[in-house]
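Please keep the structure in view while reading.

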Amino acid sequence: MEDLMRLLEGRRTYRRFKQRQIPQEVLDEILYAARLASSAANRQPLSYIVVRDERKIAEVFVHTRWAGALPPELGQPKEGERPVLFIGVVENTDISRDCDTDAGLAIGNMTLAAWNRGVGSCIIGACNKERLSGMFGLSANQSLHTVVAFGYPSHNSRIADMEPEGDCKYYLDDKKDYIVPKRRLRDVVTYL
């Protein structure tokens, strides 16, 4: 159980990556983890678009926005820091028009499986879904939920306790590592 808790604690958002390819066996584990996620009524409305080609990654990157709590010059990955893999999470609206929970569970599984192999991730909802949907060749009954960026992190990211009235915005320390304030359990849990 301690290993799981350490894994959960380390699985933070990463936004700068080494330019090292992710082996196929690791990608297969990430996708298999998505397949294992629970699904409402087991309807399984999700599918996945894998973007590994360097040129296509650059095309996807242009339509993503990173680190909304930071100024673009600090939050947007620069050349040589960008992800080496994107996975688009696609909803089949003929199966379900409301699969945010399914998508969240699948994304959680993918990012945790990735982190188990040292691969960091960034879940990106701030993207041009219309343009990306066209690039991905999605049909009228498909909707892009999210894109998830993956790569081996070139920085650290850690949590810090947030004061009850404190600011929840993440920030960079003097080493350009991400510090992510989290509310304390005593501030968010009520026992009845």
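## Nonpolar cores

A nonpolar core is a set of buried Ala, Val, Leu, Ile, Met, Phe, Trp, Tyr and Cys residues joined through side-chain atoms within 4.5 Å, where buried means under 20% relative accessible area, with a 1.4 Å probe and protein chains only. This is a predicted model, in which local features need pLDDT of at least 70 and side-chain atom pairs count only at pLDDT 80 or more, while totals for chains, interfaces and linings use all residues. Residues are numbered from 1 along each chain as its sequence is written, and side-chain values use heavy atoms, with hydrogens and water left out.

The largest nonpolar core holds 21 residues, of which Ile 22, Ile 30, Ile 87, Val 89, Met 110, Val 119 and Phe 150 touch the most other members. Two or more residues of this core come from each of helix H2 (24–36), strand S2 (85–92), helix H5 (100–116) and strand S4 (142–151); here helices (H or I, at least four residues) and strands (E, at least two) are DSSP runs, numbered from the N terminus. H5 gives the most, with five residues. Another core, of 20 residues, lies apart from this one and includes Val 51, Val 90, Cys 122 and Leu 132.

Leaving aside residues up to four places away in sequence, Ile 30 touches Ile 87, Met 110, Ala 113, Ala 114 and Phe 150, a contact being heavy atoms within 4.5 Å.

## The sheet and its helices

Four strands form an open antiparallel sheet in the order S1-S2-S4-S3, two strands being paired if DSSP finds at least two bridges between them. Strand S1 (46–51) and strand S3 (120–124) are the edge strands, each pairing on one side only. Eight bridges join the antiparallel strands S2 and S4, and Ile 87 has Val 148 as its bridge partner in S4.

Helix H3 (residues 54–62) lies across S1 and S2, at about 65° to S2, whereas helix H6 (residues 129–136) touches S1, S2 and S4, its direction making about 90° with that of S4. For these angles, axes are lines fitted to C-alpha atoms, for helices over the stretch in contact, and values run from 0 to 180 degrees between N-to-C directions.

## The chain as a whole

The protein chain has seven helices and seven strands. Its C-alpha trace spans about 50 × 45 × 30 Å along the principal axes. Buried residues account for 43% of the 192 residues, and, among contacts between residues at least 6 apart in sequence, 76% join residues at least 24 apart.

How values were computed:
Buried < 20%, exposed > 50% of the residue type's maximum accessible area, 1.4 Å probe, protein only.
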